[in-house]
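Here is a friendly walk through a model with several chains. Please keep the viewer open as you read.

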Amino acid sequence: MSAAVEAYKLPPEPARSRGVWATAWRRLKSDRVGMVSLAVVAVFVLMILLSSAGLVARDWQKEVAVPDAPPTFMGPKAKQTGTDPLADAVSKDAKPVDLSDIDPLAPKYDEWKERAAKIQVSESPRAETLPFGADRLGRNVLDKAVKGAEISIFVGLFAAVLATIIGTILGALSGYVGGKVGDFLEWVYNVFTSIPDILLIFAFAAVLGRGIGTVILILGLVGWTGMYRLVRAEYIKHSNREYVKAAEAIGASHLARMFVHILPNVSHVVLVRMSLYVVGFIKAEVILSFLGLGVPVDQVSWGTMLSEAQAELVLGHWWQLAAATIFMATFVTAFSLFTDALRDALDPKLR
Amino acid sequence: MIPTLAGVILFVFFLFKFFGGDPAEILGGLLATPEQIQAIRQQLGLNDPWYVQLWIFVKSIFTFNWGNSWATGEAISNIFRTRLPATLTVMLPILILETVLAIVAAMAVAYVRGSLTDRAIMVITTIALSISFLVYIIVGQWLFGFYLGWFPVQGWSDSFWTNLTHYAVLPIILAVFVSLAPYTRLYRSFFLDEINQDYVRTARAKGVGENRVLFVHVLRNAMIPVLTNLALQLPGVFVGSFLIETFFSIPGLGREVLLAVNRSDYPVIQAMTVYLAVLTMIINLAADILYRAVDPRVVLK
Amino acid sequence: MSTLVSVQNLKVSFRLGKHRVVDAVRDISFDVPENGTLALVGESGSGKSVSAMSIVRLLPENAIVGADSRISFAGRDLRAASEDDLRKIRGKDISVIFQEPMTSLNPVFTVGWQIAEVLKLHTDLAGRALGDRVLELMNEVGIPEPKARIDAYPHELSGGQQQRVMIAMAIACEPKLLIADEPTTALDVTVQRQILELMARLRAKHRMSMLFISHDLGLVGEIADGVVVMRDGTVRESGPVDQIFASPRDAYTKALLACRPRLDVKPRRLPVIDDFMRNGGHAPQITVETRQARAQEPKPLVEAKGLRKEYRLKTGLLKRKTIEAVKDASFALYRGRTLGVVGESGSGKTTVGMMLMRLTQATAGQVLYDGTDLLALSDREMMAYRRRIQIIFQNPFASLNPRFTVGQILTEPMKIHGIGASDNDRFELAVALSKRVGLAEDSIHKYPHEFSGGQRQRIAIARCLSMKPDVLICDESVSALDVSVQATVLNLLLDLQDEFGMTYVFISHDLAVVKYMADDMLVMNQGAIVERGSADAIYADPQNEYTRKLMTAIPRGFAGRQVRT
């Protein structure tokens, strides 16, 4: 105990028995910030589930608005007012010059006019404003932000799961078994970590190309090292704990000791680390998509929105930048705060 | 160190060999005829067995003879030589400034720990961290460069001094500003870990005031993980600047690597990867030695 | 004696989380005499440390001290003093030394620097004079070769030397009061003796007062002038030391004094606190008869021959150092009897126990169980023997998987060894086992963190019992428990031994406990067995030099003091 007092024994808990997760949930419920952020995260998850099912933001690619239409609260773009500088150059009374004699296409004009009249082109009128405005092609920024959320969060989540699985299994093996296996895995770890992360990502990207699945794979293959280190240290610590020796004494097998005994004691640490991964990988995916190394051209991500935003900003069109930033900041902040609350709820020191 | 280096070389070689596209086709371009491609293959030695190719690869690493970039034909060693100064001009000031400022900020926050200020700063940093670095650069560049005109939006010159005082200023300020949030949080956790240790209680029992406890006793111990962190960051400096260099058109190594990725310029990427790995190992070795000076419990192996 | 420190109506509570406030000290009062030693004695949770620390306001940030509490030091009201004033007092007029010297010293500064710091804070010494004073202090506390050690870092010193450094820092400015919070609990018995003697010498020489906090009544009896017995934040009894030991009035005090195993009598069962409290402060009947050991059979059940354990450490790129943890240990275990293994830290006693069970791989030697060498068996063959030798570890908080319910903990070995025909059967067995070891029936569904240390050891015992072992190794199994709880667990072990005829290997550094429990005994020092024989014989007349040193180091309470002085 590092405080100035000896360990103070709390009176035993009331009759209803609680395991770690139930206790943590109870503690989490009393953390207001944690619950609010959980709610925000839940809203986003619902949103991206709807989006992936095609119920929301399905037609984000359709050009439904005037290019660079401003957000609704700003009102439509002002029409071109003021005198046309070239107006004086052309006299208003001038008759259009008849060029039929020298124009080679002249005989065809009437035919084309007839044909054109026969073809129906349904063109719905383009919107002047949209809730979050439109991008330079007239696409709905709100839809793009939602779809982008789906992609970015999806990638972040799955890459986190992948990195967690790889890191946990390798870390458990390395920490528990030790010896030659541990040495080998440490060598693999050293090889991966001696190359700076971004460079490793670039190397993989150069070789594997673009695509959502590829990005997930790349991020998972580069990111597992952090979890490995953590899990390995935990397994080394726990392998020497007496409850594991006790399990050995009663005859439990190695596999049982690794995954039935130790893993449940490590899972809360893994969970918190995985949450940190989600945030980190979302941010990484955004940067990769921005650079053109992430999602393919026909998909949208917050990163691609930001790459368009750079040029737009110079022209004074700030809404796509704002939309992407607000969506991303809201989700990441909520998720980070939730992770903090989760860590506090699971902290065994408070038990 | 040597087994790791061997591992990195093998890794890079096999990654590009088995997962990368056919170098001959890439070099040949879209319009190359099959005969041209074959000729290139012959020239690159791609028809040799893989262990011969591996051996050539290893040789080229140790003789620093990397050949030329596939995209521009420039000698790769030349690329390194000319781009490195630009990267360092920007990244070293960033590294120094962000470390010093983060330590100061973290100590200040540790000093007011538990108070409302502490909580507020934690929330602000969380929000600040949730905004992508890209946004900061886009907005920063637009605001200070374009709109207010205080700094050049982009550019680089041949004079070191002009670069440092003129072109590098905005990128450095933006990068340091963005890194304040994460590093303050990290260093704050280092300080708080130390404050709860037994030896702090002993110091107080001796009559040491809170200021001295924080700035002498705790700081000295917290410097150990801070230095570890610095050592871990240093290798990333050489490439981590890629975003800044791209935005501000600074001809540095990071931007070079990014260009190479987009152009499938394998030799450049391979060379960077291997050399940075070597650099990382050297830095780690140096860090280990530095450790002994900082943490007396460490035994030099 | 006049009073140096007077504590009146002290109340301390802690705020835990947003809504909970826990009382640690509930309205106690005591006085520390001038030039004398007052001991605060109690078990964990009694509030003794909190009370002492509140004198110098060294409490954690979430502590709340009652408004009516009064603390006065040499006539000064410490409660009203400002933080600045208190800082001037700490280290100069009142010093503190703590339990864990290794973590209490700053690892990145030399010991010389740390001792000098307290002098720089409170005196005008500087330069050469400062250095000389530091050396002088190091000499006074008995650190060998002070000139060489002054630039040493804490981790380069032994536990005893670290504590001496702490003492040097504490007495540097000649304080009037020294607060010692369990200063020897983390040290070996022989080192403990040296440190206590040092502290007594220094106290007398500098005419300091000492406030000595401990859970060990035996220790307290030897050094204190006055004793305050605390339990659950209240004072049960206080008075001069001879009165407390010779004629205690409070039931708890009597129980505390009685339930430590004594060196002169060997009752059939140890008296426990509850017995005393229920009996109105009188010893229960059962403690009058003497315990009889089971007769030794002609052939031993287990024979260990030439057990050796070597560790090879890498000290350089190519150099290796060999550490011999156990050198050539040979001994025999007889059915139904208890073999005690006694030694200090580093003696190898734990390693011996672990080798018997193959939890540590022996470098050489045999363990003959009914003729079969256990160490030569394959893992699969060993499974059959696993259930016959079991072990109870020292740390009750670490030997049970925090994520398993008690039911899972108890039924797991049954599943592995095929005991019980179905899950239902096994659960019934588990319930029966937990009742047998004295736990409530609904324990099956609870998690380890819901139980106290003593209860967890019972769960550990029940887990072993589920396999009905022949041999039970108790590795420091009661060392981490409070004195009152120790007695209950030891009694349980004795009951079970009678009922099931188990053979015990009882490993401990606590000589009094080993003497009580063991029939035969081994004394180990630095990996070697230095003496063996019947427990009574060894205690009565130790042959080996080291054994003699161990025997004299045991604190014997007030009676021992009279013998010593």
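The report below takes the chains in turn, then the contacts between them.

This is a predicted model, in which local features need pLDDT of at least 70, side-chain atom pairs count only at pLDDT 80 or more, and totals for chains, interfaces and linings use all residues. Residues are numbered from 1 along each chain as its sequence is written, while chains are lettered from A and ligands numbered from 1 in the order in which they are written.

**Chain A**

Let us begin with the helical chain. Chain A has 11 helices and 0 strands, where helices (H or I, at least four residues) and strands (E, at least two) are DSSP runs numbered from the N terminus. Of its 351 residues, 41% count as buried. Here a residue is buried if 20 or more other C-beta atoms lie within 10 Å of its own, exposed if 12 or fewer, and partly exposed in between, with C-beta atoms placed from the backbone.

The average pLDDT of chain A is 82, and 85% of the residues score at least 70; pLDDT is the predictor's confidence in each residue, from 0 to 100. Over residues 1-15 of chain A, pLDDT stays under 50, and the model has 28 contacts beyond four places in sequence for this stretch.

**Chain C**

Chain C has 22 helices and 21 strands. Its radius of gyration is 26 Å, close to the 24 Å that the globule rule gives for 565 residues, so chain C is as compact as a globular protein of that length. The radius is taken over C-alpha atoms, and the globule rule is 2.2 Å times the number of residues to the power 0.38. Along the principal axes, the C-alpha atoms of chain C fill a box of roughly 75 × 60 × 50 Å. Of the 565 residues, 48% count as buried.

Now to the sheets of chain C. One open sheet has 6 strands in the order β17-β18-β19-β14-β20-β21, with mixed pairing; two strands pair if DSSP finds at least two bridges between them. The edge strands, each pairing on one side only, are β17 (389-392) and β21 (528-534) of chain C. Within this sheet, β14(C) and β19(C) run parallel, and C:Gly340 has C:Phe506 as its bridge partner in β19(C).

A second open sheet has 4 strands in the order β13-β12-β15-β16, with antiparallel pairing. Its edges are β13 (320-333) and β16 (372-373) of chain C, each with a single partner strand, so one side of each is left without a neighbour in the sheet. Helix α13 (residues 349-356) of chain C lies across β12, β13 and β15 of chain C, running at about 115° to β12(C); axes are lines fitted to C-alpha atoms, for helices over the stretch in contact, and angles run from 0 to 180 degrees between N-to-C directions.

Strand β5(C) has other partners. It pairs with β1(C) in the antiparallel sense, with C:Gln8 opposite C:Arg70. β5(C) also forms a hairpin with β6(C), with 2 residues between them, and C:Ala74 in the turn has a positive phi of about 45°. In a regular strand the side chains alternate between the two faces of the sheet. In β5(C), C:Ile71 and C:Phe73 make up the covered face, and C:Arg70 and C:Ser72 the uncovered one.

| Strand pair | Bridges | Sense |
|---|---|---|
| β14(C) and β19(C) | 5 bridges | parallel |
| β12(C) and β15(C) | 5 bridges | antiparallel |
| β1(C) and β5(C) | 4 bridges | antiparallel |

**Contacts with chain B**The contact between chains A and B takes 36 residues from chain A and 42 residues from chain B. On the side of chain A, the elements that each supply at least two residues are α5 (179-193), α6 (197-208), α9 (254-291), α10 (302-314) and α11 (319-346) of chain A. This side has 27 nonpolar, 8 polar and 1 charged residues. For these classes, Ala, Val, Leu, Ile, Met, Phe, Trp, Tyr, Cys and Pro count as nonpolar, Asp, Glu, Lys and Arg as charged, and the others, Gly among them, as polar.

Chain C touches chain B as well, in a contact that takes 24 residues from chain C and 17 residues from chain B. Which element gives the largest share of the side of chain C? That is α4(C), with 4 residues. By class, the side of chain C that touches chain B divides into 11 nonpolar, 7 polar and 6 charged residues.

Definitions and conventions: Two residues are in contact if their C-beta atoms, placed from the backbone, lie within 7 Å.
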